[in-house]
Amino acid sequence: MNQLYLNDKFFSLRAMQFFTLKTTQKLILCLLAGGMFFTSCSSSKRGTVARKGGASNKKVVELDTKTIDGFEMELEEPEETVEVVEPVKKESFSKAEKVITAARTYIGTPYKYGGTTRSGMDCSGLLINSFNAVKVNLPRSSAAQSQVGTPIKMHDLKPGDLVFFATGDKKKQITHVGLVTDVKSKDNIKFIHASSKLGVVETNLLAEYYQKRFRGARRVIE
């Protein structure tokens, strides 16, 4: 009877040890499985971050990237230096250029003795209107205008100077005036005037007709 009791107790103890061992093995397996799952999740997250970083790089091509602990990170763009360029100031027109520009607006205007408008004007009227652009008042006649300013030799002529002619019967009487517009060479000097036949035109001062009748020049503005 005692022997039977001891045998039952022995088998009960072995059964408990067996179940305890099985439980421990299951616990170890669970822990190992949990560790592997965690490692897998971490790897998956890192892969996702890397993929996100890659997608971002497609949109922002210019950004540099840096990898830290397996994570791809975008670096900030460097600040651009903006150079401020001041606009170049254009030099204002000289008084002579303003007068010449004003005179050229009348090219094609017909000649009219005593006229001062675009419907018709004479030589002195053209000069009066042109010099009004720089607020210089000239006398009404070409003879009176020949007394204004400083006398100039032909070889010293510059744009803006006045040139005078004797086109009538009296060789010394000033009857015509023009404005020098361009000095290209000693043989090519242009002036603008109101011709009695052609109206307001630009002509070569050294053309034979005007060269024979040239009587002097004056500089009214510098």
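Visitor: How many aromatic pairs does the count come to?

Guide: The count comes to 5 aromatic pairs, and keep in mind that this is a predicted model. Take Phe165 and Tyr210, which form an edge-to-face pair.

Visitor: What makes Phe165 and Tyr210 edge-to-face?

Guide: Their centres are 5.4 Å apart, and pairing asks for centres within 6.5 Å.

Visitor: Why is Phe165 called buried?

Guide: Its relative accessibility is 0%, and buried means under 20%. Tyr210 comes out at 12%, so Tyr210 counts as buried too.

Visitor: Why is the pair of Phe191 and Tyr210 called edge-to-face?

Guide: The planes of Phe191 and Tyr210 are at 80° with the ring centres 5.3 Å apart, so the pair is edge-to-face. Phe191 belongs to strand E8 and Tyr210 to helix H5, so parts 19 residues apart in sequence are tied together. Phe165, Phe191, Tyr209, Tyr210 and Phe214 form one aromatic cluster.

Visitor: How do you know that both faces of E6 are covered?

Guide: Leu162 and Phe164 are buried on one side, and Val163 and Phe165 are buried on the other. E6 also pairs antiparallel with strand E7 over 4 bridges, where Leu162 stands opposite Leu179. Another 4 bridges join E6 to strand E10, again antiparallel, with Gly216 as the bridge partner of Phe164.

Visitor: What makes Glu202 and Arg104 a salt bridge?

Guide: The closest N and O atoms are 3.1 Å apart, and the cut-off is within 4 Å, so the pair qualifies. Glu202 is in strand E9 and Arg104 in helix H2, 98 residues apart.

Visitor: Why does the meeting of Asp122 and Arg140 count as a salt bridge?

Guide: N to O is 3.3 Å, and that is within 4 Å, so the side chains meet the rule. The two residues lie in loops on either side of helix H3, so parts 18 residues apart in sequence are tied together. Asp122 is buried at 6%, whereas Arg140 is partly exposed at 36%.

Methods:
Residues are numbered from 1 along each chain as its sequence is written. This is a predicted model: local features need pLDDT of at least 70, side-chain atom pairs count only at pLDDT 80 or more; totals for chains, interfaces and linings use all residues. Side-chain values use heavy atoms; hydrogens and water are left out. Rings of Phe, Tyr and Trp (its six-membered ring) pair if their centres lie within 6.5 Å; planes under 30 degrees apart count as stacked, over 60 as edge-to-face and the rest as tilted. Buried means under 20% relative accessible area, exposed over 50%, partly exposed in between (1.4 Å probe, protein chains only). Two strands pair if DSSP finds at least two bridges between them.
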